[in-house]
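Here is a short note to read beside the model. Please follow the points in order and find each residue as it comes up.

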Amino acid sequence: MIFQRALRRELVSTAGAVFTTLFTITITVMLIKILGQAAGGKISSQDVVALIGFAALKYLSIILILTGFISVLAVVTRSYQDSEMVVWFSSGMSLTRWIAPVLSFGAPIIVLITALSFVVTPWANRKSAELKERFEKQNDISKVAPGKFQESSSADRIFFVEAVSGDATKVRNVFVNTVKDGRASVVVAKEGTIALDERGDKFLVMNQGRRYDGLPNQPDFRVMEFERYGVLVSRQSAALVGDTSARALSTTELLAGLQNHFNRGELLWRVSLPIMGLLLMLLAIPLSFVNPRGGRSANLLIALLLYVVYSNMVSVLQYAVQQQRMHLSVAWWPMHLVAVLLVLGLFSWRLLINSTYHPATLWGAVKRAYLFRKAGAK
């Protein structure tokens, strides 16, 4: 019990450090990516914090899987390096006695991964898609940052405004460049407002401006002055429907729509995450063996390679289900069975080595042989 409590404390402290590192790296990468999208006008600057939170929730299950795997690997490796495992085996204890404390440490992580995989991550995907879709369905003028050229969603119009009023419906010093059927049209005005017609279509109504059609060196070039001029911004659109892809569906909706091959592939991925987290933590116990006199880079590289292969093979099987090359009932279990056999094989190998070359047994044999030879010489 003393050993298990000490081991759990060390596992928890190591997991905290590993989780903080991985989570910080993930948030930093997501922050750079989302800020780049906001700067490019693909998302609203007001939604940056919410989108970062949803992105963190989407990757949290993977972070927890790596946290459990690396924590067990680091703690058991340290025990080998500090020769604590030599004492452990000399006391007649088996490597399998590490399974219970590791499982008690990993049980909350597996429960959390399951909740994230089946409930939280689909909700985060759905909310993230709704924010992006709401921004896409805004009128083009409300997306424009003052003092910056911005392309419209249809990619045929470029806006520039010097300032936007507080209600985001009035702009000052407007520039609009439109290219349609190979013909360019430039409109400049002192001010403009957003107006709706009887059908709900949005128009930018500009006042006191000029319109330039064509190129200045062409005979059909025209210059027109106007007091009031309207530009269609967007037509009446349907209500927000959110992301209806398989990743954003709740588990209940996913199970109800299993006739869809994309839904079957998504279900395979959700089921695989908690299984992967459990098997990787068990795999880390026999995989952590290092020679105390040598380095530990070899087993760390092997562990990293095994995780990459395991995760990628699950993704390959998910893709095969989505492409209707394999059925869900056939694709979901092979990689997990291979992982189970690998765990059993490594445990058997380490137990065999420890029983054959047990330090106490080996030292006793050497000592007895030395004493016999010494007695014979006399």
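This is a predicted model: local features need pLDDT of at least 70, side-chain atom pairs count only at pLDDT 80 or more; totals for chains, interfaces and linings use all residues.

1. Next, look over the face of the Phe289 ring. Arg350 lies there, at 3.7 Å from the ring centre. Arg350 also lies over the face of Trp349, at 5.3 Å from the ring centre.

2. Now turn to the aromatic pairs. The count comes to four. One of them joins Phe54 and Trp123. Phe54 sits in helix α2 and Trp123 in helix α4 (residues 99–136). The two residues are 69 apart in the chain. Phe54 is buried, at 12% relative accessibility. Trp123 is partly exposed, at 37%.

3. Tyr80 pairs with Phe289. Their ring centres lie 5.1 Å apart with planes at 85°, so this pair is edge-to-face. Tyr80 belongs to helix α2, while Phe289 is in the loop between α7 (261–287) and α8 (297–322), so the pair ties together parts 209 residues apart in sequence. Is Tyr80 buried or exposed? Tyr80 is buried, with a relative accessible area of 5%.

4. Last, check how helix α2 packs on helix α1. Helix α1 covers residues 2–39 and helix α2 covers residues 48–81. Their axes come within 7 Å and cross at roughly 150°. The crossing is right-handed. The contact of α1 with α2 has 27 nonpolar, four polar and two charged residues.

Terms used. Residues are numbered from 1 along each chain as its sequence is written. Side-chain values use heavy atoms; hydrogens and water are left out. Axes are lines fitted to C-alpha atoms, for helices over the stretch in contact, and angles run from 0 to 180 degrees between N-to-C directions. Helices (H or I, at least four residues) and strands (E, at least two) are DSSP runs, numbered from the N terminus. A crossing is left-handed if the near helix is turned anticlockwise from the far one by less than a right angle, and right-handed if clockwise. Ala, Val, Leu, Ile, Met, Phe, Trp, Tyr, Cys and Pro count as nonpolar, Asp, Glu, Lys and Arg as charged, and the others, Gly among them, as polar. Rings of Phe, Tyr and Trp (its six-membered ring) pair if their centres lie within 6.5 Å; planes under 30 degrees apart count as stacked, over 60 as edge-to-face and the rest as tilted. Buried means under 20% relative accessible area, exposed over 50%, partly exposed in between (1.4 Å probe, protein chains only). A charge sits over a ring if NZ of Lys or CZ of Arg is within 6 Å of the ring centre and within 35 degrees of the ring normal.
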